[in-house]
Structures are given as C-alpha cells and as structure tokens.
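Student: I am new to this structure. Please show it and take me through it.

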Amino acid sequence: MHQVLFKRLGGNEDIPLPSRMSEWAAGFDLHAAVEEPVTLAPGERKLIPTGFAMAMPADLEAQIRPRSGLALKHGITCLNSPGTIDADYRGEVKVLLVNLGQQPFTIERGERIAQMVFQQLPAVAISEADELPDTVRGAGGFGHTGV
C-alpha cells in the first residue's frame, strides 16, 4: 500500500480531504475550496481550488478526472482530462473545470467537483533507435483501425 500525505491549507478546515464515496470506488472525490460561489457560464472555464496540497511516492501519479454526475446533469467536466499531478508537486491541487452545458452552473464551497485516481508508474528506459520493429498497423492512426 502506498502512503499519500495530505496537507490541509489554512482557512480550509471545513473542506473534506479527498475520500472514496464507496468501498470499491477507484476515485477519491475532490471538493471545491472556493471562498464564495463561482458561476461558470456556458463555454467558460475556471481553475477551482481544493484547499489541500499532497505528497506521494515517486512511483505514483494522481489523475484528475470529471465526475460523471456533473457531466451528465450539467455538462461540467475537466479540461486536460485526465490532468496529471506529478509526485514532486507540492502546491495546492486545483481542478480546471469547463461548462459544456447550455446553462450557467454555480460551484458552491464544499461541493464535490472532480475525482482523483492514483496510478502506479512503470519504470521506463528511453533508447534511441535507427529503425523500429514492424507491426501490422504500422503508422496508421486517427481512425485507421476502423473506429
């Protein structure tokens, strides 16, 4: 099991730390630490604070992902999704939200706005090569496989 440390930032004692909402949930829900309600107009994007910073082992990455309920009901999603938080980042975790819906959406303090999923990173060695091994697919991409 990996140990991830969370530091609640000053003035955010009322904001819950990330937590799973069910026993088998993959993601930890993140809550808005806005000082006052923030309204996103259709098409608008804003960086929303969560009120905490964290430290995790070097072999982990934290991914910020949308909450399906907000996406379905209101068109609220995360840009740059999944967003990556690297293990050496120590600043406040923030979520880049966008309103893809047709109505303004107001984010209240403490509201669940996104989820964070931890992924273990493989050890990878990069090598330069003059030639690459052939595959059936080759260089085909962007719909090449029929999707």
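Tutor: A contact means heavy atoms within 4.5 Å. The model is predicted, with local features needing pLDDT of at least 70 and side-chain atom pairs pLDDT 80 or more, while totals for chains, interfaces and linings use all residues. Residues are numbered from 1 along each chain as its sequence is written, and side-chain values use heavy atoms, without hydrogens or water. Among contacts in the protein chain with a separation of 6 or more, the share from residues 24 or more positions apart is 71%.

Student: What radius of gyration does the protein chain have?

Tutor: The radius is taken over C-alpha atoms, and the globule rule is 2.2 Å times the number of residues to the power 0.38. A box of roughly 55 × 40 × 30 Å along the principal axes is filled by the C-alpha atoms of the chain. For 147 residues a compact globule would come near 15 Å, but this chain has 19 Å.

Student: In what order do the four strands of the open sheet stand?

Tutor: Two strands pair if DSSP finds at least two bridges between them. Strand 2 (28-31) joins strand 11 (residues 112-120) through four bridges, and Phe28 has Met116 as its bridge partner. The pairing in this sheet is antiparallel, and its order is 2-11-6-8.

Student: Which strands are the edges of the three-stranded sheet?

Tutor: This open sheet is antiparallel, in the order 4-9-7. Five bridges join strand 4 to strand 9, where Leu47 stands opposite Leu96. Each edge strand pairs on one side only, and the edges are strand 4 (45-49) and strand 7 (76-78).

Student: Is Asp29 buried or exposed?

Tutor: Asp29 lies in strand 2, and the residues it touches, not counting those up to four places away in sequence, include Pro18, Met21 and Arg67. Buried means under 20% relative accessible area, exposed over 50%, and partly exposed in between (1.4 Å probe, protein chains only). At 7% relative accessibility, Asp29 counts as buried.

Student: Which residue joins its side chain to that of Asp29 in a polar contact?

Tutor: A polar contact is a pair of N or O atoms within 3.5 Å; within protein, one must be able to donate a hydrogen and the other to accept it, and residues adjacent in sequence count only if both atoms are side-chain atoms. For Asp29 the contact spans 2.6 Å, and the partner is Arg112.

Student: How far apart are the farthest two C-alpha atoms of the "binding site" residues?

Tutor: The unreviewed UniProt entry annotates Arg67, Ser68, Gly69, Asn80, Thr84, Ile85 and Asp86. UniProt positions are given in the numbering used here, feature names are shortened, and annotations may be inferred rather than shown by experiment. These residues span 20 residues in sequence and do not all gather at one spot, because the farthest two C-alpha atoms lie apart by 26.5 Å.

Student: Which residue makes a side-chain polar contact with Thr84?

Tutor: Thr84 is found in strand 8 and is partly exposed, with a relative accessible area of 44%. Not counting residues up to four places away in sequence, Thr84 touches Glu61 and Ala62. The polar contact, at 2.7 Å, is with the side chain of Glu61.

Methods
Helices (H or I, at least four residues) and strands (E, at least two) are DSSP runs, numbered from the N terminus.
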